[in-house]
Each structure stands twice: as C-alpha cells, then as structure tokens.
Amino acid sequence: MTDWKAAGKAKAESVLNLIPKEWRLEKIPSAEEQRDVTGSYIQQFLSKEEIAITETDAVGIVKQTTSGGWSAVEVAKAFCHRAALAHQLVNCLHEIFFDAAIQDAERADKYFKQNGKPIGPLHGLPVSLKDQFHVKGVETHMGYVGWLGTFQGKKGTGKEKVFESEMVRELRALGATLYCKTSVPHTLMCGETVNNIIGYTYNPTNRLLATGGSSGGEGALIRLGGSPIGFGTDIGGSIRIPAAFNGLYGIRPSTGRLPYEGMANSMDGQNSILSVVGPLATTPDALKLIMQGLLSTQPWLHDPLVNEIPWRDEAELAIIDPLRRVNHQLAFAVMRHDGTCTPHPPVARAVDTVVKVAQKLGHKVLDWNPPIPHARLTDICNTIWSFDGGADCNKDFALSGEEPAPQCLVHTAPQANASDIMAANIAQREAKKEYMEYWNSTAEHTGTGRPVDAVICPLAPYAAARPGKYTYYGYSVWVNVLDYTSVVVPVTKVDKGVDPSLQGFEPVSEVDKVTMETYDPEVYNGAHVSVQLVGRRLQEEKMIGLAKYFGEALHG
C-alpha cells in the first residue's frame, strides 16, 4: 500500500473512531443482502423519541425548538446518532464534530432559558454541510488526501483552527447547530461521490446505485434521516443530482443569491460559470425556511458577489396565492428530450406525470423548442470547465501522488489563453441572449399574456447513475451555462413492472446508446425518480413556490 493509500485509510478510520461505541453497527449488510437501508431498516437502531425527532422536517423541528417543545440538545443528539448510522451504511461523512455540536446546543438551551426566546429562526436546527465549508477546528479536505493536515493544501497556516466560511457564521447567528461535513468526490467535478478517503458513497434507497455528486454525501445523509437540511454546491448539477437521486427537494439558485465567500473550491477564479451554494431538504418549506433566514442576515454586506435582494414574499405569493383561487392559469413548457440523450423509461414517465398534473390543474403546457441546440450549451460548459487544462485539480492530486477516480471530469489538456477565454465568454453571452428572447417569445402562445412560468424537464437521463456509469450531464449543465434557477421535485419510484426496457430503441448518438444500455429494470427497481423545474434568473422564491405546489399535487 502506497503512502497516500495509508493516509486515506487512516483518515477514514479516525472518523469512524469518533462514533461512540454504542452507536457502532456490528455488521453492515451487502447491497445484495439489503438494498434499501432507509425507513424501517435504519429505524431499528433508534429509539421512538429519536425517530420522532429525525423524521420531522426542518420547519417542524424549529417549531419545537423555538417554543420549548424540544431542547436543542435532544435534537442534536438524535441527529448525531442517526448521522453516525448513515455513515456506516453508505460512507457519507467526511468530518464528525458531534461533541462541539452538543456543546453549541447546550449554549442554545441556556440562552433560551435565560432570555425566554430563541437565538434566531433556526434555533436548535441541525444543519449538515458539504465538505467545502470551513468550520473552525474542523478539517476541510474535500476528498483530497494531499489536503489532510493542511488548509486547502497549504501547511502550517493554522487557519483551520479559527477560520469559518461566511455562511457558517450566518448559520450560527441564526441559531443552527452544525455537527458534520458530508462526502464529495475529489475535484468536485463528478456526478458520483468517490475519493481515496471514504471510498464510494452509495444511494441509501438502492445501494446498487450512486447517491449522485458532487454533494452526494448530503443527498445520502438527508435521505437516511441523518440531517433535516443541508447545503451543497452546484456548478453543473451538484445540488440537483443528489437531490433527484435521493428523492429530495433541492434548489440551484442563480449566482449572487447566497454567500459563497470563504468556502473551499476547485478551479477557484474561473468566473464564467460560478459554482453556487444551495440547500437540499425533505420539503420545499424547509428550503424556504433556511433561505429566508440566511437572507435576513444581509449576506451582501460580507460577500461582495451577493446581490442585495432580500427574501421577496411577493414573488412567492404571486404563485401561491392566485393558485388558491379558481381559474388562475399558469403556463409551463416541457422538454422531454434534449436532442442528444434519451431519458430512461421511469424518467420519461415522471416528466409525463408532472405534465398531466399541470394540465389537470388547469394549466397550459407547451413543447419547449429553443433555437439553440442543447449540445451547444454543453460544449460551452465543457470549454469553460477546461480553461486551466486540469492544472488546479492535478496540483492537488500531486500533493500526495494519489490517483484520481476515473469518473472525475478533469483531464490534462493545454490551458486556454486570454483570447480563448474571451471567445468562450462571448459565446456564452450570446447563448444567454438567444435563450432569453426565445423564453420571451413564448408569451405569444401561453394564453396568459406572460412567457412560460417554468420548464419541466429531466435532471438526468436516469433515476440515478450506476456506479462508474454517469454517462451524460447535458440535462443539468444547460441551467448552469444560462444561470437559471432550478428546483428538483421528487415524483415517483422506479417500478420494474411499469418501467420495462425500451424495445426497438434507436439511439440518436453514441452517448444515447451507451446511456440507454445502463438501464435494467431489476437493478433500478425502487429507485427515486425526480424532475427539475427550471425558472429564469434569480427566481428562487417563485421556484420554491412551484415546488411546493407540484409537491402537494403529487403527494398530498
């Protein structure tokens, strides 16, 4: 075993050793023995009180903690226990700081007792964080062996002991309890979660499948009830992919809506397609709760890239309130196929289900036929991602000499020069303009006098990727190129009796052929299936409102 393998193994064991002995599992079943470890499987290791707490959504938890119904300590301990179980089952945690979390919860309870009021709107709410956030006294390694014992690869700075990301400071000020950091693929550029420290993070509902990436640990942890809400980041689908694969709600805000200041990242300084931070949760109300709370802290005063846009109740109410009245019509577009890759049968069924729900509710649905081939948007994305020729990620691999996972989308190539970067930025700007005008033009066909309110489409061609077989990113990256707001809505589950393989399938491209070959109803049976609703730039309130509207229509 080489030194980097030993270092990665030692780090993984050190995290496991932070789990109290009474929370350790004697045996971890194989995926063949126990495919689904959610629900009753993980519940067997918990008390009735812990189940009640950890299966309440973020809004319900805050109602209890801000009224004195539950103490912050009992909530923190319940989620620490369930998170520890989740990690043992699917490898979803990079860092555990349960003791610090319980101390923070004790201080919150003391504050509540002394002042008769909560610290803030997130008082006592456990919040998990993707391993890009810096938390004082906690390591940030982002899946790189070479980052262990350093601050973002630099030794001897001591910053990891005191430095915190801007959003971490805001979450603390709002009263949240921070207790763990979740797994990511090294480089962050991957729709699966794999690295040389924790290995592979599996989908807890179907451990034959991926949890997604790059915020894959968040998706797995929340699906297993080890967190009520957490934060991921998204440069090409990394919030939405784990949300979709795990049957969660997740929002990719437009750039400049939430603070990214002080977070670790790959390819930092590439500003043509910025990574954005956003929440994943079990309900759309939870997304609203935490975004509304963060915006109340005025993050634009401490992050120069955040727009001064407080939470806009009127933008959400413009959707929700009229829908409570009779004959208020919205208009949607549907994109069933992007011209390059055919969605698997259960994904196509989920899209059709949402379209039928919209029509049943009295709304108009148009076909989405933009003038720009989506392959062009994917090409623009790949060009921008390749500006540095893989130099940043390769530098971090070189710190330890570790081997990158083959799934990661980083390949050594010539670096772009200034003229190349300028040309790519022009191509992106022109694509944004063309797409904008096409969206505007739909007002002529909606019957509402307005352009379509959102586009209903797949987030990926599969319910979840099979390990090592994430073949196509086109359904997620077009949103990043155009900087649109997108929210994921869970719809159904794969049913092998309802979703057979396509007969006589004729692919339109090689990636189409390879992607469809990964579909096997037996393997996919029981997996979550979701869609994304795509809105225009900075429409976060509206899209969360639509997620709630469709979620209630689909699930009651």
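How much area do domain 1 and domain 2 bury between them, and what share of it is on carbon and sulfur atoms? I will start there. This is a predicted model, and in it the two domains bury about 5,000 Å² between them, with 59% of that on carbon and sulfur atoms. The size of an interface is often given in this way, as the accessible area lost when the parts come together.

Now the division itself. Domain 1 is made of two segments, 4-24 and 36-301, while domain 2 runs over 313-555. Their C-alpha centres are 25 Å apart. In terms of residues, 55 from domain 1 are in contact with 68 from domain 2.

Next, the polar side of this interface. The rule finds 37 residue pairs in polar contact across it, counting pairs with both residues at pLDDT 80 or more. It also finds five salt bridges between the two domains. Separately, there is a salt bridge between the side chains of Arg-252 and Asp-483, at 3.0 Å from N to O.

Which elements give two or more residues to the side of domain 1 that touches domain 2? They are helix H9, at 240-245, strand E7, at 249-252, and helix H10, at 284-295. H10 gives the most, with six residues. By class, this side of domain 1 has 26 nonpolar, 21 polar and eight charged residues.

On to the aromatic rings. The count by this rule is 22 aromatic pairs. I will take one of them, Trp-368 with Trp-439. The ring centres are 5.2 Å apart and the planes are at 75 degrees; over 60 counts as edge-to-face, so that is what this pair is. Where do the two residues sit? Trp-368 is in the loop between strand E10 (364-367) and helix H13 (374-385), and Trp-439 is in helix H15, residues 418-441. The pair therefore ties together parts that are 71 residues apart in sequence.

Last, two points of backbone geometry. Which residues does a cis peptide bond join? Gly-213 and Ser-214, with omega at about 5 degrees. Ser-214 is in the loop between strand E5 (199-200) and helix H8 (216-223). The other point is Met-267, which is not a glycine but has a positive phi of about 55 degrees. Met-267 is also in a loop, the one between E7 and strand E8, at 276-281.

Methods:
Residues numbered from 1 in each chain as written. Predicted model: local features only at pLDDT ≥ 70, side-chain atom pairs only at ≥ 80, totals over all residues. Heavy atoms only, no water. Domains from an automatic or database assignment. Contact = heavy atoms within 4.5 Å. Buried area = accessible area lost by both parts, 1.4 Å probe. Salt bridge = Lys/Arg side-chain N within 4 Å of Asp/Glu carboxyl O. Polar contact = N/O pair within 3.5 Å; in protein donor to acceptor, adjacent residues only side chain to side chain. Helix = DSSP H or I, 4+ residues; strand = E, 2+ residues; numbered from the N terminus. Nonpolar A, V, L, I, M, F, W, Y, C, P; charged D, E, K, R; others polar. Phe/Tyr/Trp six-rings, centres within 6.5 Å; stacked < 30°, edge-to-face > 60°.
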